[in-house]
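I opened my notebook to record what I looked up in this structure.

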Amino acid sequence: MPFADILGHDRIIEVMRRSLRGGKTAHSYLFEGVPGCGRKKTALALIQALFCSALPDDACGVCPSCRKIEGGNHPDIHLLSPLPDKRDISVDQLREMQRELSLRPYEAPRKACIIDPAERLNISSANSLLKTLEEPPGNALIILLTENAGMLLSTVRSRCQLIRFAPLSPEHVLSLLERSGMASETAALVAPMCGGSLQKALELDNESLATRREAVLSGVGQMNINRIATVFDAAEELSGNRDATLELLDMLLSFFRDAVHLGAGSGEIVNSLVRPAIESIASKRSLPRNLELLERIYETRRAVQRNANPKLSLDHLFMNMADGSR
Ligand SMILES: [Zn+2]
């Protein structure tokens, strides 16, 4: 796909187009970001632009090379992922890929390989990749995708150009979902809850999501420091396993972000289907207080992600949220 079809990563794409024009693309890239934010699309678009003979810094989308990549059957592109039912990318798979890269390209100016996800390389496959990253056979382009570059061997990281992808904004997810044919109302429901991942947005169970959203809004509405039991009840009811708690925190983030928008005088919110509830959050506290809570929710999310106890983290957060004296 041409770069113009990729949403939300304008700065990264500008850098890539500039390096394509100057003939200065790196040998090895490491694309870091949440799965579903557009890393693989961008990797394929970069390869497509590199292979396309019609344009210097983008894919034309219509030449035979562009069409083969679009159809997923270009003979010079290799995708390396764990085999079905296997945890790791094995050293055998890696050697096979290295052998492929050492052959002359069939039709493209060079070969290309995408390793997804790179954190599934085990120690021996990662180690045998080092030499390839340093001097790719036949000038091949190698792109590693990862959720977290910190999970890779430092020797792998240091041999790649690191590109950090931000999660998609709810607005971008919304328009990608609508492009994919999802009904606007459903898209508006899932876009704010997917943590910037189109993939997650497509996976979310809409009906039960609507129910959970109601539960969270009602929990937030009832929190009152003078009825302390309600606070702990809400935490008890809403916390679950780590994934459920992270989803809850994503919802809270999106509600408070909207409340801050309203408080700052902007009428544009992403949770427009539950506007009255958001207005009530916005009017209950001052703008600085809602900004502070937004920051607290971010902190809590980071802590839960780093293995803090979900229930205790929520107790702490909800106590703070319920404290109306501040
Ligand atoms: Zn083309």
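**Entry 1**

Which residues in α12 meet which residues in α13? Before listing them, I noted that this is a predicted model. From α12, I found Phe255, Phe256, Asp258, Ala259, Leu262 and Gly263. Their partners in α13 are Ile278, Glu279, Ile281 and Ala282. I then sorted this contact by class: seven residues are nonpolar, one is polar and two are charged.

Next I looked up the geometry. Helix α12 covers residues 242-263, and helix α13 covers residues 275-284. Their axes come within 8 Å and cross at roughly 65°. Angles of 65 to 115 degrees count as roughly perpendicular. The pair α12 and α13 is therefore roughly perpendicular. I also wrote down the hand of this crossing, which is right-handed.

A reminder to myself: two packed helices are described by the angle between their axes and the distance between the axes. I kept to that pair of values in the next entries.

**Entry 1: α14 and α15**

How do the axes of α14 and α15 cross? I read off an angle of roughly 175°, with the axes coming within 10 Å. Helix α14 spans residues 287-305, and helix α15 spans residues 310-322. An angle over 145 degrees counts as roughly antiparallel, and α14 and α15 are therefore put in that class.

I listed the residues that touch. α14 brings Leu293, Arg296, Ile297, Thr300, Ala303 and Val304. α15 brings Pro310, Ser313, Leu317, Asn320 and Met321. In this contact I have seven nonpolar residues, three polar ones and one charged one.

**Entry 2: α4 and α5**

Are α4 and α5 roughly parallel or roughly antiparallel to each other? Their axes cross at roughly 20° and come within 8 Å. Angles under 35 degrees count as roughly parallel, so α4 and α5 are roughly parallel to each other. Their crossing is right-handed.

In α4, the residues of the contact are Val91, Leu94, Arg95 and Gln98. They meet Ser124, Ser125, Ser128, Leu129 and Thr132 in α5. The classes here are three nonpolar, five polar and one charged.

I turned from helices to loops. Most residues other than glycine have a negative phi, and most peptide bonds are trans. I looked for exceptions.

Which peptide bond is cis? I found the one from Asp116 to Pro117, with omega near -5°. Pro117 sits in the loop between β3 (112-115) and α5 (123-134).

Then I checked phi. Asp85 is not a glycine, yet its phi is positive, at about 70°. I located Asp85 in the loop between β2 (77-80) and α4 (91-102).

With 12 C-beta neighbours inside 10 Å, Asn139 counts as exposed.

**Entry 3: Ala149**

Where does Ala149 lie? I placed it in the loop between β4 and α6 (154-157). The cut-off for buried is 20 or more other C-beta atoms within 10 Å. Ala149 has 20, and is therefore buried.

What does Ala149 touch, leaving aside its neighbours within four places in sequence? I listed Leu30, Glu32, Arg157 and Leu162. I took a second look at Glu32. Ala149 and Glu32 are 117 residues apart along the chain, and their C-alpha atoms are separated by 6.2 Å.

**Entry 4: the whole chain**

I ended with the chain as a whole. How many helices and strands does it have? I wrote down 15 helices and five strands. The chain has 326 residues, and 39% of them count as buried.

The chain is divided into domain 1 (3-164) and domain 2 (205-322). Their C-alpha centres lie 38 Å apart. I noted the box filled by the C-alpha atoms, roughly 75 × 40 × 35 Å along the principal axes.

Definitions and conventions:
Residues numbered from 1 in each chain as written. Predicted model: local features only at pLDDT ≥ 70, side-chain atom pairs only at ≥ 80, totals over all residues. Axes fitted to C-alpha atoms, helices over the stretch in contact; angles between N-to-C directions. Helix = DSSP H or I, 4+ residues; strand = E, 2+ residues; numbered from the N terminus. Left-handed = near helix turned anticlockwise from the far one by under 90°. Contact = placed C-beta atoms within 7 Å. Nonpolar A, V, L, I, M, F, W, Y, C, P; charged D, E, K, R; others polar. Domains from an automatic or database assignment.
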